[in-house]
Amino acid sequence: IQNLSKLKKQHSLLEGEVEHIITALSKHLKIKTNTIQKDLQTFLQENSNIVEDLKPYQGEVNGAEIANEVEDILHEYIYLEKEEQYTAITLWIFLTYCFEKFNILPILLITSPVMRCGKTTLLMILEALVCKNLVASNISPSATYRVIEEFKPTLLIDEADKQFAINPELQNIVNAGHTKRTAYVVRSASKEKNFEPERFNVFCPKVVAMIGRPIYTWIDRSIEIKMERKPKDICKQKIPFNFYEAKQTLRQKLLKWASGLNVPEVLDSDFGLVNERAQDNWQPLIYISQNLSNEWLQKAKEAMFALEGAEE
């Protein structure tokens, strides 16, 4: 029932295929079909509140227009010192809808030297724009790898300096999710399963927001957005209470655009940066920008060099 529920939620099965599987299970297990259907419905209801079950937009979409709209929203509500930071965040939002098509998945690392620099506001915006958001300011290691395995959410981690940065196991789970091939953690199963080792996939988009400098392994795997306090002479709009609900159509458009993106197995990653890991991190963002427009490709390259070009 759990596996069937997962496939149904991911729209990997048509309704007719679901009914066919239920009929086959009924014959094999000698259980009435309506009993299995009730169990499936109950499981779906009990697990439906963790992440959004989003349907693609019904109609044609234009990627560049969507990107412009996302960037305009970021400009409206948050202050960032560099224009290129808005570009990077916009492209990373697109990545949350198609990350499984890539082999590299950079963290979106949001840092500030002090409080009240807008990190929480940015997280509220991201919550309304990314795919299948899951806010997790406080979460155990076991819950982290289990929820990633089950739901493939975009994990929004606020105040990481208070929990994630001081917990080696949580740090390692975040680190392990950088490349698809190695994005696994292995844990012992329960006593009922004779403590057999289980492998959990931890490949999912992650936003890490914190005060201070993060560990170097996070920096090395990230697109870092360094935030500062907004100058008093600059005004930004306050996020309305219905912001998340109001952006559902935009999320549906992002999902529709991403569903049509075809990604080759080998992508160009030689962008002229000194840091080869940074080149890997920008690989999916550059490819996404190529499929938006020439203007967005140019903006993406400028953002990459502005944020990664100088070696510290």
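Okay, let's start with a contact: in helix α5, Glu84, Gln85, Thr87, Ala88, Thr90 and Leu91 meet Trp296, Lys299, Ala300, Glu302, Ala303, Ala306 and Leu307 of α13. Sorted by class, the contact of α5 with α13 has seven nonpolar, three polar and three charged residues. Contact here is heavy atoms within 4.5 Å. Nonpolar covers Ala, Val, Leu, Ile, Met, Phe, Trp, Tyr, Cys and Pro, charged covers Asp, Glu, Lys and Arg, and the others, Gly among them, are polar.

Some housekeeping. What we have is a predicted model, where local features need pLDDT of at least 70 and side-chain atom pairs count only at pLDDT 80 or more, while totals for chains, interfaces and linings use all residues. Residues are numbered from 1 along each chain as its sequence is written, and side-chain values use heavy atoms, leaving out hydrogens and water.

Back to our helices. The axes of α5 (residues 83-95) and α13 (residues 294-308) come within 9 Å and cross at roughly 115°. That makes α5 roughly perpendicular to α13. Angles from 65 to 115 degrees count as roughly perpendicular, under 35 as roughly parallel, over 145 as roughly antiparallel, and the rest as oblique. An axis is a line fitted to C-alpha atoms, for helices over the stretch in contact, and angles run from 0 to 180 degrees between N-to-C directions. Helices (H or I, at least four residues) and strands (E, at least two) are DSSP runs, numbered from the N terminus.

Now the second pair. Helix α4 (residues 63-77) packs with helix α11 (residues 248-259) at an angle of about 140°, their axes 10 Å apart, so α4 and α11 are oblique to each other. On the α4 side, Gly63, Ile66, Glu69, Val70 and Ile73 meet Leu250, Lys253, Leu254 and Trp257 in α11. By class, that contact of α4 with α11 has six nonpolar, one polar and two charged residues.

On to the inside. Which residues have the most contacts inside the largest nonpolar core? They are Ile93, Ile125, Leu126 and Ile288, and that core has 90 residues. Its largest share, eight residues, comes from α5. A nonpolar core is a set of buried Ala, Val, Leu, Ile, Met, Phe, Trp, Tyr and Cys residues joined through side-chain atoms within 4.5 Å. Buried is under 20% relative accessible area, exposed is over 50%, and partly exposed is in between (1.4 Å probe, protein chains only). Not counting residues up to four places away in sequence, Ile93 touches Val70, Leu126, Leu129, Val130 and Leu254. There's also a second, separate core of five residues, including Leu4, Val18, Ile22 and Leu40.

Is Ile157 buried or exposed? Ile157 is buried, at 0% relative accessible area, and sits in strand β3 (residues 154-157). Leaving aside neighbours within four places in sequence, Ile157 is in contact with Ala136, Phe164, Val174, Val207, Val208 and Ala209.

Most residues other than glycine have a negative phi. Lys30, though, has a positive phi near 55°, and its place is the loop between α2 (15-29) and α3 (33-46). Lys30 is exposed, with 73% relative accessible area. Arg116 also isn't a glycine, and its phi is about 60°. Arg116 lies in the loop between β1 (107-112) and α6 (119-129), and counts as exposed at 64% relative accessibility.
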